[in-house]
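Please read the following note with the structure open beside you. The points are numbered so that each can be checked in turn.

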Amino acid sequence: MFSDSEKHLKIMGTQINYYFICHTKLWFFSHHIQMEQESDLVSMGKQLHQGTYQKEKRDYTIDNLISIDFIKKKDILEVHEVKKNKKMEKAHEYQLLYYLYYLNVVKGVENVVGMINYPKMRKKITLKWDGSREAEIRELTEKVALLVDGDMPKPVKTPTCRRCAYYELCWV
């Protein structure tokens with residue numbers, strides 16, 4: 001078991017994303033119950049990912065915890081995430097903030113900025129890491145770890161459930 005100060009060493013970016021979408025989905029994913037490979041929506045997202053930003057070298061995985069869609073090195077290191085739409089914008093932002101936290105605090109990478117790219121909308125959101133949200137991200141990793149280590153949370157029905165790869169596990 002990791003100590004409280006080491007919780008960030010076992011949390012994946014996807015888990016941070018799922019925390020804001022659905023705690024039950026987070027729990028299933030974290031316990032290796034992975035249904036996404038069966039989802040048409042996930043397939044569409046993968047096609048979007050493969051069909052955009054083709055000139056960029058892509059898919060960086062760091063410590064098997066964070067998976068960055070692509071990186072650009074200019075005057076500053078740019079970490080890019082490609083997303084289908086802004087429906088889950090808060091989840092996208094915190095996933096990217098976690099990446100910036102991990103790169104800066106855990107790996108010691110300075111001068112890094114994050115970008116969420118919504119190619120279908122032709123929009124981009126830029127997030128900068130200045131350390132001011134470090135306590136918030138650490139607290140978030142602790143919440144994720146507690147949720148994952150506990151019993152399966154009871155599903156809460158939301159409008160996003162019908163499109164979720166885990167729908168049948170929760171509601172059928």
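1. Helices and strands are named here from DSSP runs (H or I of at least four residues for helices, E of at least two for strands), numbered from the N terminus. With that rule, α2 is followed by H32, whose phi is positive, near 60 degrees. This model is predicted, so local features need pLDDT of at least 70 and side-chain atom pairs count only at pLDDT 80 or more, while totals for chains, interfaces and linings use all residues. Residues are numbered from 1 along each chain as its sequence is written, and side-chain values use heavy atoms, with hydrogens and water left out.

2. The protein has six helices and five strands, and from the N terminus on these elements run in the order α-α-α-β-β-β-α-β-β-α-α. Of its 172 residues, 41% count as buried, where buried means under 20% relative accessible area, exposed over 50% and partly exposed in between, using a 1.4 Å probe and protein chains only. A contact means heavy atoms within 4.5 Å; among contacts between residues at least 6 apart in sequence, 64% join residues at least 24 apart.

3. Two residues deserve a look for their backbone angles. H32 has a positive phi of about 60 degrees although it is not a glycine, and H32 is found in the loop between α2 and α3 (40-51); at 67% relative accessibility, this residue counts as exposed. N64, also a residue other than glycine, has a positive phi near 55 degrees. N64 belongs to the loop between β1 (58-62) and β2, and with a relative accessible area of 64% N64 is exposed.

4. Helix α2 is mostly covered, since seven of its eight residues are buried, namely T24, K25, L26, W27, F28, F29 and S30. What covers these buried residues includes α1, α5 and α6. Apart from neighbours within four places in sequence, V148 is in contact with Q15, L26, W27, S30 and H31. The C-alpha atoms of V148 and Q15 are separated by 9.2 Å, although these residues are 133 residues apart along the chain.

5. How many aromatic pairs does the structure hold? There are eight aromatic pairs, counted when rings of Phe, Tyr and Trp (its six-membered ring) have centres within 6.5 Å; planes under 30 degrees apart count as stacked, over 60 as edge-to-face and the rest as tilted. The rings of F28 and Y166 have centres 5.5 Å apart and planes at 10 degrees, so this pair is stacked. Because F28 lies in helix α2 (residues 23-30) and Y166 in the loop between α5 (134-149) and α6 (167-171), the pair ties together parts that are 138 residues apart in sequence. Both F28 and Y166 are buried.

6. Ring pairs also link Y98, Y101, Y102 and W129 into a cluster. W129 is placed in the loop between β5 (123-128) and α5 and is buried, with a relative accessible area of 12%. Leaving aside neighbours within four places in sequence, the residues in contact with W129 are L97, L100, Y101, N104, V105, V112, E134 and I137. The side chains of W129 and N104 are joined by a polar contact of 3.4 Å, that is, a pair of N or O atoms within 3.5 Å in which, within protein, one must be able to donate a hydrogen and the other to accept it, and residues adjacent in sequence count only if both atoms are side-chain atoms.

7. Charged groups meet rings as well. The charged end of K25 sits over the ring of Y18, 4.5 Å from its centre, and the charged end of K157 sits over the ring of W171, 4.8 Å from its centre. The rule is that NZ of Lys or CZ of Arg is within 6 Å of the ring centre and within 35 degrees of the ring normal.

8. Of its 36 residues, I66, Y98 and V144 touch the most other members. α4 gives the most to this core, with nine residues.

Definitions and conventions
A nonpolar core is a set of buried Ala, Val, Leu, Ile, Met, Phe, Trp, Tyr and Cys residues joined through side-chain atoms within 4.5 Å.
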